[in-house]
Amino acid sequence: MSTKPEPVPEGYGTVTPWIVTSDTARVIDFIKDAFDGEELGRVELEPGRIGHAEVRIGTSIVMLFDTPFTVDTPALLRLYVDDAEAVLARAVGAGATIVTPVTDVQAWGDRVARLRDPLGNIWWLQERVEAPDPEEAMRRMEEPKYVKAMEQTQVMDAPGLI
């Protein structure tokens, strides 16, 4: 009788995002260049067409494959980083466009930037600079400087976003 394995395989989180694009190889290269991602493997269905790939970014694994869909469905991903400005610059150097430059500190303690990768996926870069308790974060939501920072991250019609 075999023992049932752990419900989540080692190295994975309980939620694993998928990035589905028309050029998975290109987005893998972008992730490696922009975020120091590590390709864990890929399965090609035929030359130039990826049926499954996995990339580790920091402590997370992202799965990818070339789209079978008739409509593009860009992924929206949040990536915690040590230095949002440095990672944003690196991502732009790898072909990303800036959607939102790095903001001032948000009420919950993060600086936030958004970028669009060459295949249209949107990445939120979040740099933790403070760790206010929930009550302090809620109080801050009323302060004009935090309201302004939040407004910057809520713009959904910024160039490169839609």
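Predicted model: local features only at pLDDT ≥ 70, side-chain atom pairs only at ≥ 80, totals over all residues.
Biologist: In what order do the elements of the protein chain run from the N terminus on?
Modeller: The secondary structure comes to four helices and eight strands. From the N terminus on, the order is β-α-β-β-β-β-α-β-β-β-α-α.

Biologist: Which residues have the most contacts inside the largest nonpolar core?
Modeller: Nonpolar side chains tend to be buried together in soluble globular proteins. Here the largest nonpolar core has 27 residues. Those with the most contacts inside this core are F35 and W123.

Biologist: Which element gives the most to this core?
Modeller: Elements that give two or more residues include β3 (49-57), β4 (60-66), β5 (76-80) and α2. β7 (110-116) and β8 (122-128) are also among them. The element that gives the most, with six residues, is α1.

Biologist: At what angle do the axes of α1 and α2 cross?
Modeller: Two packed helices are described by the angle between their axes and the distance between the axes. Helix α1 covers residues 24-35 and helix α2 covers residues 84-93. Their axes come within 8 Å. The crossing is right-handed, and the angle is roughly 140 degrees.

Biologist: Why do the buried residues of α2 line one face of the helix?
Modeller: The buried residues are A84, V87, L88 and A91. In an α-helix there are 3.6 residues a turn, so residues three or four places apart point the same way. Seen down the axis of α2, the buried residues line one face because they fall within an arc of 100 degrees.

Biologist: Which exposed residues does the face of α2 turned away from its buried side carry?
Modeller: The buried residues of α2 pack against α1, β6 (97-100), β7 and β8. The face turned away carries A89 and G93.

Biologist: Is D36 buried or exposed?
Modeller: D36 lies in the loop between α1 and β2 (38-46). Its phi is positive, about 60 degrees, although D36 is not a glycine. Exposed means over 50% relative accessible area. At 55% relative accessibility, D36 therefore counts as exposed.

Technical notes: Residues numbered from 1 in each chain as written. Heavy atoms only, no water. Axes fitted to C-alpha atoms, helices over the stretch in contact; angles between N-to-C directions. Left-handed = near helix turned anticlockwise from the far one by under 90°. Core = buried A, V, L, I, M, F, W, Y, C linked by side-chain atoms within 4.5 Å. Buried < 20%, exposed > 50% of the residue type's maximum accessible area, 1.4 Å probe, protein only. Arc of directions from axis to C-beta. Contact = heavy atoms within 4.5 Å.
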